[in-house]
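Here are a few friendly notes to read with the structure open beside you. Take them one point at a time.

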Amino acid sequence: MKKEDHGKEEQGRRYKYGMVIDLDKCTGCGTCMVACAAENNVSVRPDQSDKERTITWMRLYKISNGKSFPHTEISYFPRPCMHCDHHPPCVSVCVSTATKLDFNTGIVSQIYTRCIGCRYCQAACPYGVRYFNWWDTYFPKDKGLDRYLSPEVSPRMRGVVEKCSFCHHRLMRAKNQAYAEGRREIEEKEYTTACAEACPVQAITFGDLNNPDHKVSKLIKHPFTFRLLERLGTEPKVYYRSSRDWVRKLGDNFLPGEYTPVVNQTWMEEEWSTKPGRDEF
Amino acid sequence: MELNRRNFIKFLVGGVVGIQATPLPWKFTDDVAIWTQNWPWVPDLAKGEFSEAKSVCNLCPGGCGISVRKVDDRAIKIDGRTDYPMNPGGICPVGAGGLQLLYDETLRFTGPMKRVGMRGKGEFVRIPWDEAFQILGDRISGLRRKGVPEQVAAIDGNPKGTTMSVLIDRFMQAVGSPNYVRTSSIEDTYRLGNFLMQGSESTMAYDLENSDYVLSFGCGLLEGWGAPGRVMNAWGLWHEGHPDKRTTIAQVESRASNTASKADYWVAPVPGTEGALALGLAHVIIKEGLCDERFLNDHTFGFEDWDSFEGRLHSGFKTMVLKNYSPQKVAEITGVERETIVSLAKHFAGAKAPVAIYGKGKDGQNGSLYEFMAVHSLNALVGSINRAGGVLLPDALPLSPLPPVKTDAIASEGLRGPRLDAAGTDHYPFAHSLINNFADAVVSKSKSPIDTLLVFSANPAFTVPDGGNFRDALKRIPFVVSFSPYRDDTAHMADLILPDCTFLEKREDVVWPVGLQYPFYALTTPVVSPVYDTRNAGDALMELANAVDKTVGGAFPWEDYEAVVKVRAKGLFEAGGGRMTYEPSNPVWKQTEGKGAKPGYGDFDEMWDNLLAGGFWYRPVNVKGGSLFNTPSGRFEFFSKKIAKTIESASSQSTMETTLKQMGISVGEDEACMPHYEAAASEAGRSEQYPLRMMPYEMINLASGWIPSPPFLYKTIFDHQLLKNESFAAINPVTAAEYQLKEGDRVAVKSPVGKVTVRINLFEGAMPGIVYLPLGFGHTAYDEFIKGKGVNPNSIVLAGKDPLSGGPVWWNTPVRLIKV
Amino acid sequence: MTPLSFEWQWNIEYGIFFGLLYVALGIIGAGLTVVFIKTVLQALGFMRERHF
Amino acid sequence: MDSPLLPHGVKRCSPWVFFFWTLPWLALLAWGGLSAFLCLWKGLNQTNMSNVFAFALWIVFDLAVIALGAGAFFTGFLTYIIGKKELKNVINTAVIIGFICYSGAMAMLGIDIGQPIRGWFIFWHANIHSMLVEVSFCITCYLVVLLIEFIPIILENRKLEEIKELRMFGHNLHEVMAMFAATGTFLSFFHQGSLGGMFGVMYARPFAAREGFYIWPWTFFLFVLSAIAAGPCFTILCTKLTEFLTRKKLVPDNAIQLLAKISAWLLSIYLVLKIFDYLGWMYGVVPRAGLTFMDFFKEGPYGVWLIVLEMIFCGILPAVILMTPAARKSQPWLIFACLLNCTGIVLNRFLFIVVTLAIPVMPFDRFWSYLPTWQEWGIGLAVVGYGFLLFSLAYRYLPVFPKERELNPVAE
């Protein structure tokens with residue numbers, strides 16, 4: 001388990017796909033979860049309420065400011081795989097090299113036919129993005145539920161770990177398209193994840209963080225953006241954005257007095273400041 | 001060396017050891033690792049040609065554009081459409097999971113079916129279509145021959161104005177039964193209020209995208225109100241850019257819903273007192289002189305006191321509001337602080353383009369008429385009517401009407417009879433259809449006055465908020481026919497099933513989604529050919545008409561359903577001014593008539609072909625000149641002359657008091673014609689025995705209408721909402737403490753009409769004294785994914801009657817909690 | 001595991017790790033072979049069995 | 001009936017008594033067998049493991065037995081490398097226990113992984129950056145070593161000894177044992193360490209994460225130390241248990257005392273380092289993650305008392321007892337101390353495995369708790385049954401205790 005030499009990695013690294021999720025926009029509707037499951041052939045069992053074992057590559061966490069009525073606020077953290085950069089906690093621990101950080105795209109992949117199901121990666125991941133197949137996949141033929149499965153995503157077998165792939169097959173699709181049209185590069189809109197595409201409030205923006213023209217690479221510079229558990233040094237490529245301090249506080253662990261609100265920071269010729277929460281009369 | 005035992009073993013061992021040196025073991029194990037994956041239950045995915053099909057989702061009346069990804073003839077994914085005005089890109093969770101509603105066989109009827117065994121057991125056998133039509137046709141014609149066509153009734157859940165609902169209505173006329181009953185929705189309230197105050201019977205055209213201050217009275221903006229795709233997209237737009245410049249959203253609701261939490265302001269009045277709150281705001285606005293004088297003078301009636309021509313002085317809206325709704329008083333009624341009321345009013349009136357919108361959660365349930373009028377009067381006060389960012393006044397959708405039905409003697413006789421639900425009578429003068437009354441009427445009689453009930457796109461056994469009354473009605477009605485494609489709770493209790501196609505298998509029209517500010521029309525495309533032996537209910541209905549008899553059949557001269565749709569759509573072309581293209585850069589709410597894009601079609605056929613290809617038609621609305629309102633006074637009516645007239649004519653038989661009482665109105669004659677607060681609506685029925693109040697609440701990630709929730713959605717449900725097969729009641733920790741209840745405790749929620757057992761979820765955002773139950777759980781039908789999960793609050797709702805409109809007051813059921 | 005399997009990288013980490021591994025395996029293997037051969041020789045009487 | 005198989009000049013209970021003695025252990029094995037079948041056939045949904053508790057009872061058992069089995073390599077090291085002759089009297093016991101622990105652990109791991117059929121991918125597609133790979137390689141190799149060390153003992157069985165070749169093979173093995181012991185020591189050192197490393201390297205799990213030296217987090221060294229501190233104690237316990245059950249003195253005191261003394265010193269050193277480790281972690285890793293020590297115990301069933309128990313009652317207390325010669329020489333105190341010491345190490349492993357996973361890292365996540373199913377217990381206890389069975393057989397048919405005869409002369 002050695003710390004890789006980052007310089008070496010960055011060489012010839014062209015793409016760095018990432019995501020920005022605007023929590024002010026996010027309505028907690030769950031479309032991202034459904035779109036993700038539908039896109040990626042995620043197994044749906046009759047009982048989905050066993051949250052310790054159901055598979056949700058994209059998962060909504062409900063948070064509350066804990067204040068009493070009528071000052072209560074709830075909000076949501078949509079949580080895909082963070083696709084940690086450089087040195088993801090899960091990659092270095094995998095015994096059978098079944099999960100890898102693709103230095104060229106920044107995507108953390110999972111090879112289902114390689115995974116032996118030791119679940120060390122699950123233990124190592126602080127975001128709980130990795131899901132083990134405790135059961136066989138449930139798409140009963142007699143119900144005809146195998147008919148909506150996409151041939152672009154291989155179904156998983158019992159006893160292996162699966163996770164969000166940033167809809168890697170969509171990248172492949174876009175690349176093939178570009179190749180067929182004799183293009184070297186793919187457009188920003190050509191490759192986006194199922195969750196980002198489905199989001200009815202456009203809260204999720206997806207793109208190449210290395211490409212200055214992509215929206216995401218501008219958004220991550222916004223004073224309101226932050227990352228989950230940033231201080232652990234996992235370097236997530238999924239960014240969040242919120243104007244409400246109580247939400248931002250829940251994005252990481254803070255010792256008393258460590259959290260500082262954003263005050264009049266400039267972005268795109270405008271001054272931005274966070275506020276504690278919902279306005280009160 | 002002779003081959004004795006020892007040598008033999010030596011060779012054996014040697015052999016085994018030798019093999020280890022070859023790559024054989026590795027190869028073998030590797031293969032084993034792969035073989036073990038080829039289990040029969042691991043699906044093998046058929047490859048094929050990929051394609052995208054454009055269509056429109058009509059799982060709800062929202063009419064979002066969808067693009068379905070296919071492999072050969074197999075639909076594999078539903079995404080949004082960016083070339084579509086309603087929802088540029090996004091969709092809702094139900095839509096995203098739509099394919100399970102297409103392919104989950106145990107959720108659907110695979111063909112026409114006949115009940116076997118006990119009623120309500122849900123056991124059916126397949127029968128051929130002809131037999132199905134034969135059975136039903138004979139029955140109906142039999143009733144006609146007996147001269148009792150009114151014993152046929154239809155429950156219609158299709159959105160108002162859709163070709164399907166028009167055909168069903170037409171069928172009932174041809175048969176000769178007045179009992180065409182629609183499921184209730186917020187549309188009823190809108191059309192009624194719109195009719196009384198603005199003289200138009202179309203939906204409310206809220207110009208949300210252009211507004212800079214949205215004051216929402218109970219609209220579940222993020223729970224699926226209006227056209228979810230459109231509203232959520234607007235939500236996204238509102239939150240673009242710098243906080244100081246973006247639209248402000250103030251939510252009026254008793255629970256910290258997603259909308260209330262995410263809004264910029266949250267005001268929490270006691271449920272049922274929203275009307276009082278609105279009038280309290282009106283009071284402040286008038287008092288502080290923040291009204292739009294010009295609009296009030298030029299375009300409204302009944303604001304100031306006025307004299308009727310016989311010289312009687314009537315007190316106007318202003319006087320009434322100033323007299324009855326001081327912030328202090330309203331604070332007492334609503335439980336909202338006085339200061340809050342004052343500053344909210346100032347915020348609202350101070351905004352450039354404010355709009356006050358009214359709703360109750362999603363669109364699936366009706367609201368209160370007077371509440372709506374109170375809220376809408378705020379728009380008039382600040383002049384936000386016929387103004388960008390306010391409430392627009394578009395003309396009705398110009399669909400051509402179908403030729404009138406030629407009814408025979410029997411039919412005419414039957415149609416002369418009274419409606420079973422008493423809609424349109426002196427008690428409910430403005431109502432078109434009252435499904436709760438219908439159920440009451442059936443249950444109250446010893447013998448069911450209805451012999452045959454036809455159910456279209458509806459699941460009343462589950463969705464009607466009446467404490468299970470409709471279920472009892474279904475049990476009593478001798479013959480129930482369901483046209484539902486799904487094995488829903490109502491179909492489960494039916495005798496005959498004529499399954500419709502699902503939204504991905506048929507042609508259906510989407511007509512002007514709720515609350516949209518411009519007339520809109522679109523067609524769904526059959527993305528896949530019917531998976532099972534099902535038929536478009538429209539075609540089935542016409543076949544049925546022919547099976548009944550010549551005259552009824554004669555009312556449907558078209559060769560198929562699509563032809564009817566086409567006939568009606570012709571009107572759109574003739575009206576002109578429509579557009580069929582959409583550019584994300586130039587959204588409809590920025591366009592105005594005349595300017596902007598060309599119609600994009602030359603003749604009707606071109607337009608029709610365009611529509612068939614998942615196309616759509618809309619006409620931008622701009623601010624009107626000249627006479628705006630089609631009311632008796634030609635103005636916006638704070639004082640509704642129609643109500644006055646009706647009350648007068650009704651009271652010609654009896655006294656004024658009794659008349660008003662019949663209508664459920666507790667105030668004087670003049671006030672009854674104006675927006676006012678009916679105390680009864682919020683305090684009804686609470687007592688020592690039932691100290692608490694139960695409110696059903698809705699979630700966008702759980703279908704609560706007649707469409708089942710795709711199993712996918714249960715992934716998004718939290719385990720404090722549903723755990724195994726138990727759903728949770730959200731109550732405030734303070735209330736919980738009074739009853740010594742902890743998180744997860746089991747309690748029975750008992751109302752005067754029923755009891756359900758749930759578990760407790762302590763939620764700070766719940767108003768103390770109120771028990772919130774999620775709508776959408778507790779199905780008694782469908783399949784293993786849905787059946788028996790949680791409880792249905794509708795089954796314990798004690799529904800009062802909303803004054804004047806007669807709709808059910810489902811939002812305040814008295815209950816008590818019993819720890820289990 | 002071996003330079004044949006595609007995970008193999010020609011860098012120092014792999015050198016050390018597998019180097020040590022194969023050394024260990026080598027010692028075990030060698031030890032066993034020696035003992036085995038010795039035993040065989042003794043059994044066939046080419047070598048005297050030591051008693052202790 | 002089986003008397004020709006019994007070692008020379010020692011007394012053994014009658015076959016029937018022995019048979020009945022084995023019954024409970026066979027029962028445990030049967031239970032384990034059933035559980036194993038269910039887990040392999042139906043899948044791991046038979047357990048209460050989850051995406052939160054990816055590691056659970058089985059891993060705790062694994063790490064515990066491997067730690068307790070450390071007596072084998074360490075005694076071997078002392079006997080053959082350092083040349084502590086008196087330990088020749090316990091080396092067999094140590095080796096057999098070690099063999100039992102390691103083979104048991106391997107068997108459990110085989111069921112624990114979701115795709116046992118692909119277990120060999122660990123070796124074939126090895127990711128050498130994973131501590132678990134290091135563990136797997138070393139454990140497998142070391143199991144071979146243990147087998148080699150075990151074989152001569154088996155060959156000393158009366159009947160087998162009569163076969164000339166086998167006897168010679170056994171003797172020859174004995175002669176080169178030192179070399180195997182050395183290899184074993186090397187391998188064990190690394191896998192014991194890597195087992196600790198496994199948790200120390202989970203840098204995104206503040207409760208387990210540790211700084212360290214080069215690629216080795218401090219847990220690496222602490223696990224080695226704690227293992228060799230507890231291993232001998234476990235060997236002592238097993239010997240004492242056998243002596244109690246057979247009502248015989250089997251091992252001379254000097255051997256036991258030496259083990260106890262060594263273990264006492266190692267335990268003390270370990271505790272000192274462990275305390276430094278805890279402090280360094282509390283004031284380094286934890287605050288850097290934005291947490292305070294007590295944040296880990298805000299909710300959930302696992303309180304700070306676990307650490308108190310681990311460090312004081314199962315750490316310092318046994319260390320003190322074993323350090324004081326008087327206490328060490330009194331049998332009850334010795335056994336008590338050894339028990340505490342072994343409990344301590346199991347507790348330590350439990351903290352690193354289960355408690356680490358029960359504590360949420362994301363502020364908006366919740367604390368979790370976990371209870372094993374009977375299937376999990378079944379497989380765990382099967383290892384215990386297997387251990388008792390194998391050791392009983394070894395004791396009955398092999399000269400495990402060289403000094404048994406002279407300590408218990410039987411009248412011929």
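Which residue of chain B forms a salt bridge with A:Glu39?

1. The partner is B:Lys77, and the closest N and O atoms of this salt bridge with A:Glu39 are 3.0 Å apart. Please keep in mind that you are looking at a predicted model. The count of salt bridges between chain B and chain A is seven.

2. On the side of chain B that touches chain A, strand β3 (residues 74-80) of chain B gives the largest share, with five residues. Sorted by class, that side of chain B has 46 nonpolar, 24 polar and 18 charged residues.

3. Now for the extent of the contact. Interface size is often expressed as the accessible area lost when the parts come together. Chain B and chain A bury about 6,800 Å² between them, and 59% of this is on carbon and sulfur atoms. In chain B, the residues that lose the most area to chain A are B:Lys262, B:Phe712 and B:Lys715, together 11% of what that side buries. In residues, the contact takes 88 from chain B and 80 from chain A.

4. Is B:His283 buried or exposed? B:His283 has a relative accessible area of 3%, under the 20% cut-off, so it counts as buried. You will find B:His283 in helix α10 (residues 274-287) of chain B. Leaving out residues up to four places away in sequence, B:His283 touches B:Val321, B:Leu322, B:Tyr325, B:Ser326 and B:Pro327. As for B:Tyr213, B:His283 is 70 residues from it in sequence and 19 Å from it in space, C-alpha to C-alpha.

5. Chain C has one helix and zero strands. Of its 52 residues, 31% count as buried. The accessible surface of chain C is about 3,500 Å², with 75% belonging to carbon and sulfur atoms.

6. Finally, which residues of chain D does C:Thr39 touch? Not counting residues up to four places away in sequence, C:Thr39 touches D:Glu165, D:Met168, D:Phe169 and D:Asn172. C:Thr39 sits in helix α1 (residues 12-43) of chain C. With a relative accessible area of 6%, C:Thr39 is buried.

Notes
Residues are numbered from 1 along each chain as its sequence is written. Chains are lettered from A and ligands numbered from 1 in the order in which they are written. This is a predicted model: local features need pLDDT of at least 70, side-chain atom pairs count only at pLDDT 80 or more; totals for chains, interfaces and linings use all residues. Side-chain values use heavy atoms; hydrogens and water are left out. Contact means heavy atoms within 4.5 Å. Buried area is the accessible area (1.4 Å probe) that two parts lose on being put together, summed over both. A salt bridge is a side-chain nitrogen of Lys or Arg within 4 Å of a carboxyl oxygen of Asp or Glu. Helices (H or I, at least four residues) and strands (E, at least two) are DSSP runs, numbered from the N terminus. Ala, Val, Leu, Ile, Met, Phe, Trp, Tyr, Cys and Pro count as nonpolar, Asp, Glu, Lys and Arg as charged, and the others, Gly among them, as polar. Buried means under 20% relative accessible area, exposed over 50%, partly exposed in between (1.4 Å probe, protein chains only). Accessible areas come from the Shrake-Rupley method with a 1.4 Å probe; for residues, only the protein chains shown count as cover.
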